[in-house]
Every structure is written in C-alpha cells, then in structure tokens.
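This report goes through the fold, the salt bridges and the ligand surroundings of one structure. The sequence and model are shown first.

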Amino acid sequence: MMAGDVWGKRWSNSTSEIARRYMEVACRKQSLVCLAADRNTMAGLFDLIESVGPHIAALKTHVDLVDDWDKDSWSKFCSAAKDADLLIFEDRKFADIGKISRNQMAGVYDIRSWSDLVTAHLISGPDIVDGLQAGWSDVGRSGGVLLLAQMSSRGNLLHPNYTDEVVANGCNHPGVFGFIGNGSRPDELAELRSKVGGEKMIWTPGVNLAVGDGEMGQRYGDSRGAVLAGSDCIIVGSGIHRSDNPEKSAKEYADAFWNALLERET
Ligand code: 5BU
C-alpha cells in the first residue's frame with residue numbers, strides 16, 4: 001500500500017523528512033502502534049523488541065528508568081530497534097531553556113545520538129525547539145520534536161488556552177514534528193486536530209483496549225475513537241508490555257488502529 005493513498009493530506013502536506021519516514025514505516029508494518037517500552041531491565045527490553053518488533057512502527061523509551069542501563073547495552077538495543085525498522089522516540093519531556101535543553105541532549109545518555117524524536121513542553125518558550133534541534137545538529141543528525149499540547153493524566157494543567165498557544169507556535173516551526181494529544185478523550189482530540197490542521201502529526205498516549213482508569217491517574221480511551229478523531233500514532237505501554245502474550249496483543253492493537261485509519265477521511 002502506498003503511503004500517499006493511506007495518509008492523504010498528512011502525506012501530501014508534509015514537509016518533514018521524519019514524518020514521511022514514519023508514514024512509510026507505518027505502511028510497511030500496517031501498524032500505527034508506538035510501543036511505550038516501559039520495562040526497567042535491559043533483558044526485558046530486548047525480549048520485548050524481539051517479540052513485538054514486527055507489529056509496531058515506533059519505539060518510545062524512558063532511558064532514565066532502566067535499572068541496569070549501560071552505554072553498550074543501550075547502543076545494542078538501539079541497533080536492534082533500527083534492524084526492526086522502528087523510529088526511536090525518547091519521551092524525555094524536556095522543559096528547560098534552549099541552551100540547557102541542547103546540552104541535555106548530550107550528557108550520560110547522549111539522547112541526540114540515538115533518538116529520532118523527543119518530547120518537549122513549551123512552558124519555557126519556543127527556543128527549546130531550536131535548542132533540541134541544535135543538539136541533533138551537534139552530532140550531524142536530525143530529528144523531530146513532539147510538543148505536549150495535551151496530556152492523558154487526570155488533573156493536568158495543560159488547559160485549552162495553553163494548548164492553543166502550543167499549537168500556534170509549533171505549527172509554524174519546521175523542527176516540530178507534531179503534537180502529543182490526549183488519546184483518552186476523542187472529543188478533545190478532534191478539537192486539537194481542527195486547530196493543528198492537516199500537516200503536523202498528532203501522537204496519543206492514554207489508549208488501551210480496556211478502556212477506563214489506569215494506575216495513578218492515567219486515563220484510557222478507545223483506540224478506534226482516537227484514530228478517527230485525528231490521531232496518527234497510538235502510544236501503547238502496559239496494554240502490550242504487561243500482557244501475557246505481548247506479541248498477540250501488539251498485533252491486536254496494530255490491526256484495530258490500522259483498520260480505523262483506512263476508515264478515516266484523512
Ligand atoms: P501506558 O502503560 O499505556 O499507560 O503507558 C503510557 C506511556 O505514555 C508512558 O510511557 C507515559 O510516560 C507516556 N505518556 C502518557 O501516558 N501520557 C502523556 O500525556 C504523555 C506520555 Br505526554
């Protein structure tokens with residue numbers, strides 16, 4: 001299936017090389033699943049990628065929650081992700097001023113050297129996006145920033161006016177790959193999509209085939225609803241990595257979202 005046929009406007013309007021890469025990977029895998037690989041051992045992470053790699057399009061990491069992290073194992077893990085045709089997305093939620101964010105892309109974890117995408121809050125102002133882009137440039141790479149326009153957790157402080165400002169700022173910045181929207185509330189998401197327009201990506205956590213409340217204030221919504229409301233990628237964590245059969249679950253999520261995308265008027 002050709003990316004242009006499936007993605008419609010999102011494909012034809014996109015000027016981002018990484019966004020196009022994602023749309024192509026999603027077509028090859030017939031999957032809009034980004035796995036939130038929230039396991040805290042390297043062995044657990046390797047197992048996960050081996051069993052679910054074929055059914056997911058991107059891999060979301062929290063590099064700082066791994067108990068036995070070391071540079072060498074992490075670099076092997078990233079190679080395994082690349083071999084599995086996955087974009088690597090570090091959900092670091094950067095929030096500092098531009099120059100510090102640039103330096104935080106380096107440091108022990110050296111996120112700039114292996115991530116294709118990172119998340120950032122826009123609370124400190126738009127220079128954070130330039131800082132993160134400079135981080136990738138410092139090692140001769142490029143990447144995309146996902147700005148947090150909404151969150152999935154209850155009681156979060158990203159109120160509608162804040163969301164609007166994030167969108168207005170981010171839509172015009174070539175370094176912004178897209179936005180994080182709240183996958184648990186399709187109505188909020190549809191509103192976000194109408195503000196974002198057809199070009200930028202919206203990726204959504206807070207989705208689980210078991211809809212309802214998750215742990216510690218996480219909220220879960222229905223996957224089909226999120227895709228129809230305009231989400232381009234569904235971030236699923238425990239629905240897959242805590243399942244008795246992660247491979248089977250990943251395939252179920254992949255099929256559900258893919259069919260919803262084919263149904264959607266892009
Ligand atoms: P879950 O197990 O599917 O609930 O995992 C959700 C993941 O998405 C987890 O890694 C969070 O850090 C991440 N997340 C989220 O849940 N909600 C948000 O608004 C953002 C990220 Br941004």
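## Terms and model

A residue counts as buried under 20% relative accessible area, as exposed over 50%, and as partly exposed in between. The model described here is predicted.

## Barrel

Eight strands form a closed barrel in the order β1-β2-β3-β4-β5-β6-β7-β10, and the pairing is parallel. On average, neighbouring strands of this sheet are turned by 25° against each other, direction ignored.

Strand β2 spans residues 58–61 and strand β3 spans residues 87–94; the two are parallel and share four bridges. Within this pairing, K60 has F89 in β3 as its bridge partner. On to the next pair, β3 and β4 are also joined in the parallel sense, over three bridges.

Helix α9, residues 186–196, lies across β6 (176–180) and β7 (201–204). The helix runs at about 160° to β7.

## Salt bridges of helix α3

The count of salt bridges in the model is 17. One of them joins D116 to R21, with the closest N and O atoms 3.6 Å apart. Because D116 sits in the loop between α6 (98–104) and β4 (117–120) while R21 belongs to helix α3 (residues 17–29), the pair ties together parts that are 95 residues apart in sequence. D116 is buried, with a relative accessibility of 4%, whereas R21 is partly exposed at 32%.

A salt bridge also links D85 and R28, where the closest N and O atoms are 2.8 Å apart. D85 is located in the loop between α5 (71–83) and β3, and R28 is in helix α3, so this pair connects parts 57 residues apart in sequence. The relative accessible area of D85 is 25%, which makes the residue partly exposed; R28 is exposed, at 55%.

Which side chain meets R224 in a salt bridge? The partner is E263, at 2.6 Å from N to O. R224 is part of helix α10 (residues 223–228) and E263 is part of helix α12 (residues 246–263), so the bridge ties together parts that are 39 residues apart in sequence. Are these two side chains buried, partly exposed or exposed? R224 has a relative accessible area of 40% and is partly exposed. E263, at 45% relative accessibility, also counts as partly exposed, because that class covers values between the 20% and 50% limits.

## Ligand surroundings

How many residues surround the ligand? There are 16, and the closest are D38, K60, S152, Y220 and S238.

For D38, a side-chain N or O atom is 2.7 Å from an oxygen atom of the ligand. For K60, the corresponding distance from a side-chain N or O atom to a ligand oxygen is 2.8 Å. K60 is also the residue whose bridge partner in β3 is F89. H62 places a polar side-chain atom 2.8 Å from an oxygen atom of the ligand.

Terms used: Residues numbered from 1 in each chain as written. Predicted model: local features only at pLDDT ≥ 70, side-chain atom pairs only at ≥ 80, totals over all residues. Heavy atoms only, no water. Pairing = 2+ DSSP bridges. Axes fitted to C-alpha atoms, helices over the stretch in contact; angles between N-to-C directions. Contact = heavy atoms within 4.5 Å. Salt bridge = Lys/Arg side-chain N within 4 Å of Asp/Glu carboxyl O. Buried < 20%, exposed > 50% of the residue type's maximum accessible area, 1.4 Å probe, protein only. Near = heavy atom within 4 Å. Polar contact = N/O pair within 3.5 Å; in protein donor to acceptor, adjacent residues only side chain to side chain.
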